[in-house]
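Let us read this structure together, one feature at a time.

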Protein chains: 2
Amino acid sequence: MKGDRTRQSILYRAVDLASTDGLEGLTIGRLADDLKMSKSGLFAHFGSKEELQLATIKAAKQRFIDEVFRPALNVERGYPRLMAICKSWIDYVRRGVFPGGCFFAAASFEFDGRSGPVRDVIGTAMDEWIDALEKAVQMAKDEGHLDSRVDPAQLAFELNSLFFGANFACQLRNDPRSLDRAEKAIETRLESVRTRRAGGSPAVPPPARRRPSRRSRAGEPPA
Amino acid sequence: MKGDRTRQSILYRAVDLASTDGLEGLTIGRLADDLKMSKSGLFAHFGSKEELQLATIKAAKQRFIDEVFRPALNVERGYPRLMAICKSWIDYVRRGVFPGGCFFAAASFEFDGRSGPVRDVIGTAMDEWIDALEKAVQMAKDEGHLDSRVDPAQLAFELNSLFFGANFACQLRNDPRSLDRAEKAIETRLESVRTRRAGGSPAVPPPARRRPSRRSRAGEPPA
DNA sequence: GCAGTAAACGAACGTTCGTGCTATTTTGCC
DNA sequence: GGCAAAATAGCACGAACGTTCGTTTACTGC
């Protein structure tokens, strides 16, 4: 069917537009103009704006999975995969997979105060994402790569926070260094709960500092 | 002037509305209905929607300063004040100062992909906020409360990320525990770079763990 | 208490929104 | 190559948007 191809191309553009202007700012008329289609022709594919929004979220989710999540699943499970997911996320903003930054960060903050199906779908998508993060942490624990006292929900929360913080600083403040900051923060945080059994690059032994009994987490690289 | 009082009450409601529906979702007609005013009467106070948005941001900023920032300035400078700012922020979401969660988190993610005066004003406001955080960190360093290797920009970035992450989880996922998680993460993070000279509750001495050379940052409380 | 100003109103503007219809074109199949 | 079906276009609609207008009501200073 040709309609499917058209639908795909509509949604591709819709995702891009929504990532910058929001799902509410996404307008059928502008989207149609942008694609050199008639409003009614485009509209017929979805039947309502809400359906368009839901389909747009679905398409964005697919793009996210393809670009961020699935590639990281090729990495060996445990600590390496957890780190790969984080790096993949950073890189996904760096590459500009969505022109307006992270689609889901934008959608989350746009709809967090509302109600209805759109909000619910976004909520579910984010639940799944956080769950995936928690599972990755749990896996790393199961493999013996992370300190057994680590709380997956807590760590997943912190990692996701850094993602959002990086997206914010990168998009609004035009500060691409924030991606490096997020990367550094994640590395330090994960390193702090890593065990010797973790694979990948070997954990550096705790360096001899002036007060070696207190583990340093200072932001500056050691001089 | 009576007009000033009216303007105040308009903006009070506008801030609340914008925190849930966004600054674009904030509509003159609905705002007027909500306040039992005529659209034109309300409109006359601002002259354009953009002016209304700018005034709304200004009012929200004032509320934020009153509720979050200024109270923390009463605390003694250095580590205690830095911690007070963080706790104050958490508490400001917990108290529901804005019905839609943090106004500025919402506004930041709404406008980060756009251009124009509104985006610029939001950007400036957030710059000032991050600057204030950095200054608080720097002050704590100056007082000798924080490890001298701490990079204020890095730490401020991480703290702000946790704020946004907490707001997100609290608003979209209806998970108030995320506020506790943010609090815990902040305490652990600040603790990790705190010196013995810091005031407030005394820093706990590093407990004798199985591997005492590596500082634990596991999420779970020690059993 | 009256004049002059400030504030609020109601109606209407042009535009855009989402959403129905009805043609018309295009596509895929026998 | 003709034909049903699918896809798209054209047009119109009611509602809501931001905005402007002329008018009326409410204050305030003399």
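Q: Through which surface do the copies meet, and what share of the interface residues of chain B shows this?

A: This is a predicted model, where local features need pLDDT of at least 70, side-chain atom pairs count only at pLDDT 80 or more, and totals for chains, interfaces and linings use all residues. Residues are numbered from 1 along each chain as its sequence is written, while chains are lettered from A and ligands numbered from 1 in the order in which they are written. Two residues are in contact if their C-beta atoms, placed from the backbone, lie within 7 Å. Here, 96% of the interface residues of chain B are also interface residues in chain A, so the copies meet through the same surface.

Q: How many residues does the contact take from chain B and from chain A?

A: Chain B gives 53 residues and chain A gives 51 residues. On the side of chain B that touches chain A, helices H1 (2-25), H6 (103-111), H7 (117-142), H8 (152-171) and H9 (177-192) each supply at least two residues. Helices here are DSSP runs (H or I, at least four residues), numbered from the N terminus. H8(B) brings the largest share, 12 residues.

Q: Which rotation superposes chain B on chain A?

A: Two copies of a chain are related by a rotation about an axis and a shift along it. Superposition is by least squares on the C-alpha atoms of residues with pLDDT of at least 70 in both copies. For chain B on chain A, the rotation is 180°, with 0.0 Å of shift along its axis and an RMSD of 0.0 Å. That is the relation of a two-fold axis.

Q: Is Arg95(A) buried or exposed?

A: A residue is buried if 20 or more other C-beta atoms, placed from the backbone, lie within 10 Å of its own, exposed if 12 or fewer, and partly exposed in between. Arg95(A) has 9 C-beta neighbours inside 10 Å, so Arg95(A) counts as exposed. Arg95(A) sits in the loop between helix H5 (79-94) and helix H6 (103-111) of chain A.
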